[in-house]
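Reader: Can you walk me through this one? I'd like the fold first, then the core and the charged pairs.

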Amino acid sequence: MYRPCFEMLIQVLRQQTTLQNSRYLTLEEQVMIFVYVISQKETNRMAMEDWQHSGSTIFVNCIGAIDGTHIAVHAPADVANNFRGRKSTVTRNMLAICSFDMVFTFVVTGWEGAVHDSRVLTTQLEDPTSGFPHPPPGKYYLVDSGYSNKPGFLAPFRNVTYHLRDARRRAGGINGPTELFNYRHASLRNCIERCFGVSKARFPILRYMTNFSLIRQREIAMCCCVLHNFIRLHNRGDPLFDRVWGRRGNAAFRLR
C-alpha cells in the first residue's frame with residue numbers, strides 16, 4: 001500500500017467512522033497492524049511479536065531490556081577458576097542494556113563468568129561512577145527472573161511458563177493472565193537476546209577469544225558492541241540484522 005493511499009484511508013476512517021486513537025496506539029498504528037495481519041498468514045500472537053504490541057498494547061513506559069551473556073575469555077591458569085561459570089566453561093559475564101531497536105545503550109564487559117548476573121547489575125547500580133543509565137521516574141527496564149523485581153526493573157512471574165519456545169510448544173496455548181503477561185514480557189525482552197545473537201554471529205572472537213591480556217580482551221568485547229551499534233544505526237539493510245530481527249512483513253504492505 002502506497003503512503004498516499006494509506007493516508008487517504010486514515011482520513012476516511014477519521015471522518016466517517018467512530019475509530020480514533022486509543023490510549024496507547026494511534027489510529028495509524030491500529031490500521032497498520034490490522035492490515036499487516038490480514039495481508040499474510042499471520043496470527044495475532046505473531047503480529048504482537050513483530051510490532052512489539054500485545055492484543056491490548058503492552059508495557060507502556062518501558063525503555064529497554066537488560067540481560068547478561070557469557071562471552072569467551074582466555075584466562076591464565078592461576079585465575080581461570082574465577083571465570084568458570086555454572087556450565088564449567090571459562091567465560092566472561094557481559095551485562096548489557098539495549099533499546100527495542102537492537103542498539104546497545106550500556107555495556108559492562110569486565111566481570112568473571114562465575115559472577116551471577118544480579119550481582120553484576122547491583123554493583124553497577126550502587127557505583128555512582130559506573131555511568132549506569134538509571135530509568136527516569138515512571139520508566140523501567142525489562143529483566144528476566146534472575147533479577148529482582150523492583151521500581152525501574154520489571155521481571156516476569158516466577159514459576160510460570162516464560163520462554164517463547166515453551167509457550168509455543170504447548171498444545172493448549174497460553175493459560176491465564178500470568179502466562180499471558182510472561183509471554184508478552186518475553187516477546188518484548190527478546191530484543192536483548194537478538195542483540196547478543198547478532199554480535200556473536202558477526203564477531204566470532206566473542207565465542208573464541210584469542211590469547212590477549214585480560215584487559216585487552218575486555219576492550220575487544222566493548223569494541224564489538226560499539227561496532228554492532230554503528231552497523232545498526234548506519235546500515236539498515238544489513239542482512240544479519242534482517243535475519244534475526246524476525247520481521248515477516250509483507251513487502252506489498254510496507255509504506256513507500
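Author: What follows goes through the fold, the core and the salt bridges of a predicted model.

Reader: How many helices and strands does the chain have?

Author: Eight helices and five strands. The order from the N terminus is α-α-α-β-β-β-α-β-β-α-α-α-α.

Reader: And what share of the residues is buried?

Author: Of the 256 residues, 43% count as buried. The accessible surface is about 14200 Å², and carbon and sulfur atoms hold 55% of that.

Reader: Now the core. Which residues touch the most other members of the largest nonpolar core?

Author: Phe104 and Ile192, in a core of 24 residues. Elements giving two or more residues to this core are β1, β2, β3, α6, α7 and α8.

Reader: What is Ile192 in contact with, leaving aside its neighbours within four places in sequence?

Author: Ala65, Asp67, Ala96, Ile97, Cys98 and Phe104. There is also another core, apart from the largest one, with 16 residues. Val108, Val120, Tyr141 and Tyr147 are among them.

Reader: Switching to charges. How many salt bridges turn up in the whole structure?

Author: Six. One of them pairs Arg14 with Glu28, with the closest N and O atoms 3.1 Å apart. Arg14 is in helix α1 and Glu28 in helix α2, so the bridge ties together parts 14 residues apart in sequence.

Reader: Where do Arg232 and Asp101 lie?

Author: Arg232 is in helix α7, while Asp101 sits in the loop between β2 and β3. They form a salt bridge, again with closest N and O atoms 3.1 Å apart. The pair ties together parts that are 131 residues apart in sequence.

Reader: Is Arg232 buried or exposed?

Author: Buried, because its relative accessibility is 6% and the cut-off is under 20%. Asp101 is partly exposed, at 28%.

Reader: What about Arg202 and Asp238, how far apart are N and O in that salt bridge?

Author: 2.6 Å. Arg202 belongs to helix α6 and Asp238 to the loop between α7 and α8, 36 residues apart. Arg202 is partly exposed, with a relative accessible area of 21%. Asp238 is buried, at 6%.

Reader: Which residues do salt bridges with shared partners join into one network?

Author: Asp67, Arg189 and Glu193. Arg189 is in helix α6, residues 176-202. Its relative accessible area is 5%, so Arg189 counts as buried. The side chains of Arg189 and Glu193 also make a polar contact, at 3.4 Å.

Definitions and conventions. Residues numbered from 1 in each chain as written. Predicted model: local features only at pLDDT ≥ 70, side-chain atom pairs only at ≥ 80, totals over all residues. Heavy atoms only, no water. Helix = DSSP H or I, 4+ residues; strand = E, 2+ residues; numbered from the N terminus. Buried < 20%, exposed > 50% of the residue type's maximum accessible area, 1.4 Å probe, protein only. Areas by Shrake-Rupley, 256 points an atom, 1.4 Å probe, with all protein chains shown as cover. Polar contact = N/O pair within 3.5 Å; in protein donor to acceptor, adjacent residues only side chain to side chain. Core = buried A, V, L, I, M, F, W, Y, C linked by side-chain atoms within 4.5 Å. Contact = heavy atoms within 4.5 Å. Salt bridge = Lys/Arg side-chain N within 4 Å of Asp/Glu carboxyl O.
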